[in-house]
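The following note sets out several points for a student to check against the model. Each point may be read with the sequence and the structure side by side.

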Amino acid sequence: MSDIKVNREYKDRLFKFIFGNPEKKEWTLSLYNAMNNSSYTDSEAISLNTIENAVYMSMKNDVSFLIADTFNFYEHQSSINPNMPMRMLIYSGMIYDSYTEACDDYHRFSSLQQHAPTPKCVCFYNGLKETEDRVILKLSDSFTPGSDPDIEVRVTMININYGHNADLLNACKPLGDYALFVHEVRRNLKRLRNLVAAIDLAIAELPEDSLIKSFLIKNRAEVKSMFITEYDEQRAFAEQKAEGRAEGRAEGRAEGRAEGRAEGRAEGEEKGIAIGEEKGKMKAFIGLVRDGILTVSQAAERVNMTVPEFEAAMQNG
């Protein structure tokens with residue numbers, strides 16, 4: 001991988017490139033129909049409102065759109081992220097703020113009940129860690145146990161790895177093609193040990209009736225760049241997190257023992273390991289920024305920090 005020159009201009013993920021593309025709204029519509037057992041045919045009924053660059057933490061989401069009086073928030077993850085409900089809360093807040101500001105039929109300060117589109121939050125997962133076909137993630141799991149929060153967000157995490165959720169992948173052919181393509185890239189990579197060759201072979205071997213094959217061929221350079229960037233991010237994060245965890249554990253044990261003498265050495269060491277794990281995670285993301293794999297804003301988003309907070313952590317780290 002070290003000899004590959006990656007064009008960092010392409011920062012979007014492949015999932016967004018396929019399903020959040022204004023020129024391919026029929027694929028977005030196909031995904032919506034498969035998710036909702038509907039049969040809409042007019043792709044122009046979809047109004048994309050994906051956040052491309054927000055003031056808060058320079059955040060971007062993957063795909064969001066309005067159709068049939070429903071705001072759909074679709075995210076893609078190659079790792080299991082239990083914090084997705086918090087991100088969805090932030091994204092949806094931005095979208096609803098824009099909607100209520102711009103909509104002539106919505107009066108923010110009216111004494112009458114105002115109507116707003118229904119939100120639907122979905123996270124499409126295709127990482128290597130095994131998980132169930134569908135998992136419900138809840139914002140309330142982030143709060144103090146036993147508390148009674150007044151805000152809740154539910155996100156349906158759907159496993160779209162090839163071989164999972166067959167009914168969904170069959171109902172949305174572009175999604176089935178995408179799942180097969182990712183599966184074939186991974187399979188080829190094990191044999192060829194070269195990611196670029198694995199991508200080229202996976203594109204070539206897609207069935208001729210694949211809806212996304214010609215699109216991948218036409219945009220081969222962008223597809224490679226996005227796939228390589230995602231792969232580099234995952235690999236570098238795993239390596240640097242492991243390195244940071246090892247260093248953090250050692251440091252954390254010492255801190256934990258010092259803090260935990262009154263509580264007992266065992267409890268103190270457990271606390272120290274937790275401290276070390278967190279330090280290892282931060283070190284991993286700082287490393288990804290310094291290696292040019294992530295931007296500061298992207299790393300800050302992943303650790304739920306503002307850009308200034310993350311930049312301060314980089315200086316201190």
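Predicted model: local features only at pLDDT ≥ 70, side-chain atom pairs only at ≥ 80, totals over all residues.

1. The side chains of E101 and R108 meet in a salt bridge, with an N to O distance of 3.4 Å. R108 has a relative accessibility of 37%, so R108 counts as partly exposed.

2. A second salt bridge joins the side chains of R220 and D200, at 2.8 Å from N to O. This pair links distant parts of the chain: R220 belongs to helix α8 (residues 220–260) and D200 to helix α6 (residues 195–205), and the two residues are 20 residues apart. R220 is partly exposed, because its relative accessible area is 27%. D200 is likewise partly exposed, with a relative accessible area of 25%.

3. The structure holds nine salt bridges. One of them is formed by R87 and E75, whose closest N and O atoms are 3.7 Å apart. R87 is in helix α3 (residues 84–102) and E75 is in strand β3 (residues 70–77); the pair, twelve residues apart, links distant parts of the chain. Both R87 and E75 are buried, which means that each has under 20% relative accessible area.

4. Helix α6 deserves a separate look. Which of its residues are buried? L195, A198, I199, A202 and I203 are buried in α6. These residues lie on the same side of α6, because they cover an arc of only 130 degrees around the axis. At the start of α6, a side-chain oxygen of N194 comes to within 3.1 Å of the backbone nitrogen of V196.

5. Next comes the loop between α7 (213–218) and α8, where N219 lies. N219 counts as buried, because its relative accessibility is 12% and the limit for buried is under 20%. Which backbone atom lies 2.9 Å from a polar atom of the side chain of N219? The backbone oxygen of F215 lies at that distance.

6. The count of cavities of 30 Å³ or more comes to one. The largest cavity holds about 30 Å³ of space. Its lining is made up of N126, I160, N161, Y162, A179, V182, H183 and R186. How do the lining residues of the largest cavity divide? Four are nonpolar, three are polar and one is charged.

7. The last point concerns S142, which is found in the loop between β5 (134–138) and β6 (154–159). S142 is partly exposed, because its relative accessible area is 44%. How far apart are the C-alpha atoms of S142 and P82? They are separated by 8.7 Å, while the two residues are 60 residues apart along the chain.

Methods. Residues numbered from 1 in each chain as written. Heavy atoms only, no water. Salt bridge = Lys/Arg side-chain N within 4 Å of Asp/Glu carboxyl O. Helix = DSSP H or I, 4+ residues; strand = E, 2+ residues; numbered from the N terminus. Buried < 20%, exposed > 50% of the residue type's maximum accessible area, 1.4 Å probe, protein only. 1 Å grid on protein atoms, 1.4 Å probe; cavity = no way out; pocket = protein on both sides within 12 Å on 5 of 7 lines; lining within 4 Å. Points joined across faces, edges and corners; volume = space filled by probe spheres on them. Nonpolar A, V, L, I, M, F, W, Y, C, P; charged D, E, K, R; others polar. Arc of directions from axis to C-beta. Polar contact = N/O pair within 3.5 Å; in protein donor to acceptor, adjacent residues only side chain to side chain.
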